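Dear colleague,

I am handing over the structure below, together with some notes on what was found in it.

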Amino acid sequence: MLTVEEALELILGEIRPMGLERAELLSALGRVAGEDIRAERPNPPWDNSAMDGYALRAGDTAGACEESPAVLEVAGDVPAGSVFRGELAEGQAVRIMTGAPLPAGANAVVMVEHTERMGEREVAVKRPVRTGENVRRRGEDFAEGDVVVPAGTVLTSRHVSMLATVGRPYVSVFQRPRVAVLSTGDELVEIDEPLGEGKISNSNGYTLTAQVIECGCLPVNLGIARDRKDSLEEKLRAAASADCIISSGGVSVGDYDLVKDVLAELGSEMKFWKVAMKPGKPLAFGTIGGRPAFGLPGNPVSSFMAFEQFVRPALLKMSGHAALSRRTVRARLTRDVKKKRGRTNFLRAVVSYGEDGYAATPLEGQGSGMISTMVKANALVVVPSDAESLEAGSLVDVQMLDGGS
Ligand code: AMP
Ligand code: MG
């Protein structure tokens with residue numbers, strides 16, 4: 001049996017990132033930057049004022065106080081968006097607004113609250129001002145040529161702020177993989193059809209499609225294939241244009257488990273593994289014409305989990321992401337956990353954050369058909385393969401399934 005880490009390494013070794021395309025800045029939200037984006041100008045673009053007040057030469061205010069202010073000549077006015085032409089001479093000040101460029105000759109700004117205007121021509125400054133006070137220096141945020149958004153970054157509103165600041169209406173992003181999803185089984189009916197005797201809803205088709213969308217990929221629905229070679233072949237051939245194929249069911253050793261045979265016939269390099277994990281042991285993986293294909297187990301939780309551990313990182317790598325794993329934190333177990341040695345267990349759990357850090361409570365009902373605990377859980381506790389029992393209070397790795405606390 002392969003370990004989870006070995007299986008993931010083998011899979012990722014076969015995955016290549018997609019090509020790039022150009023996207024308008026706001027359409028690029030949630031997409032992955034395809035190149036290191038460099039600033040073509042520094043920020044701020046010039047020295048400017050951090051306050052409304054007067055730009056001046058700091059030296060002119062030495063020793064100024066309420067009783068004996070420094071009286072300076074007002075040489076002009078620079079509202080935001082305009083520039084003071086000329087150079088400030090000794091004994092002069094210029095009225096300036098937040099963000100306006102610092103006039104040549106000035107080296108500080110005094111807040112308007114520390115001044116008193118004396119008619120049109122003069123201003124009294126009531127305290128000494130330090131050189132550089134209330135001045136934002138050219139390039140203090142970033143310099144021209146700096147990488148402001150590295151390749152592989154998922155673009156959020158924070159990155160949009162940066163790209164708008166440096167004047168990038170378009171960005172290069174990774175193309176989104178098209179991912180075909182196939183369900184297999186004679187027992188499956190569509191979710192809006194009545195359940196006949198012995199039939200179940202094709203829930204995996206929906207779960208996997210939703211997981212594909214959550215990864216930022218484009219799903220292609222292949223529907224349900226029956227447990228016959230011709231049905232499987234027909235459906236899988238329809239996946240020819242997809243960048244990746246995922247099927248569920250039909251990969252264990254039951255009589256009707258044909259998926260691995262058909263995938264092998266379609267592709268030269270299918271591998272069939274038992275992965276030392278619970279839930280989700282059987283897994284078929286290979287490449288068909290260079291495109292990854294995954295045969296996931298049929299039990300709903302196993303299928304979900306195999307996607308989480310193997311397909312998600314693969315799709316993120318195809319999509320150009322720099323980070324492929326879920327946010328993982330160390331958490332303290334709130335109760336004892338028992339398991340058999342030899343397989344990594346992924347336990348659906350509720351994780352919360354409190355004064356003592358993260359606490360993880362594995363839920364009752366870890367069976368591979370138990371959907372209710374998938375819904376209650378916000379995280380997966382990773383119990384290492386070689387562990388047999390863990391006591392309450394032990395520290396474990398926890399994969400966070402959502403962004404919540
Ligand atoms: P299999 O590996 O095909 O034997 O499937 C294992 C279990 O998963 C069986 O109980 C199936 O009924 C169930 N199963 C397989 N495919 C699906 C699906 N698309 N949706 C829900 N359950 C499924
Ligand atoms: Mg089946």
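**Ligand 1 and its surroundings**

To begin with one contact, a backbone N or O atom of Asn204 lies 3.1 Å from a nitrogen atom of ligand 1. Please keep in mind throughout that this is a predicted model, and that the distances quoted here are computed from it.

A nitrogen atom of ligand 1 is also found 3.2 Å from a backbone N or O atom of Ser203, while for Gly250 a backbone N or O atom lies 2.8 Å from an oxygen atom of the ligand. Taken alone, ligand 1 exposes 480 Å², and the protein buries 77% of that.

The space that ligand 1 takes up is the largest pocket. Two or more residues of the shell around the ligand come from each of the elements β13 (178–184), β15 (200–201) and α3 (203–214). Altogether 16 residues surround ligand 1, and the closest of them are Glu187, Asn202, Gly250, Gly298 and Asn299. Sorted by class, this shell consists of three nonpolar, twelve polar and one charged residues.

**A loop residue, Asp60**

Turning to another part of the chain, Asp60 is found in the loop between β4 (53–56) and β5 (70–78).

With best regards

How values were computed
Residues numbered from 1 in each chain as written. Chains lettered and ligands numbered in written order. Predicted model: local features only at pLDDT ≥ 70, side-chain atom pairs only at ≥ 80, totals over all residues. Heavy atoms only, no water. Near = heavy atom within 4 Å. Polar contact = N/O pair within 3.5 Å; in protein donor to acceptor, adjacent residues only side chain to side chain. Areas by Shrake-Rupley, 256 points an atom, 1.4 Å probe, with all protein chains shown as cover. 1 Å grid on protein atoms, 1.4 Å probe; cavity = no way out; pocket = protein on both sides within 12 Å on 5 of 7 lines; lining within 4 Å. Sits in = over half its atoms within 2 Å of the grid points. Helix = DSSP H or I, 4+ residues; strand = E, 2+ residues; numbered from the N terminus. Nonpolar A, V, L, I, M, F, W, Y, C, P; charged D, E, K, R; others polar.
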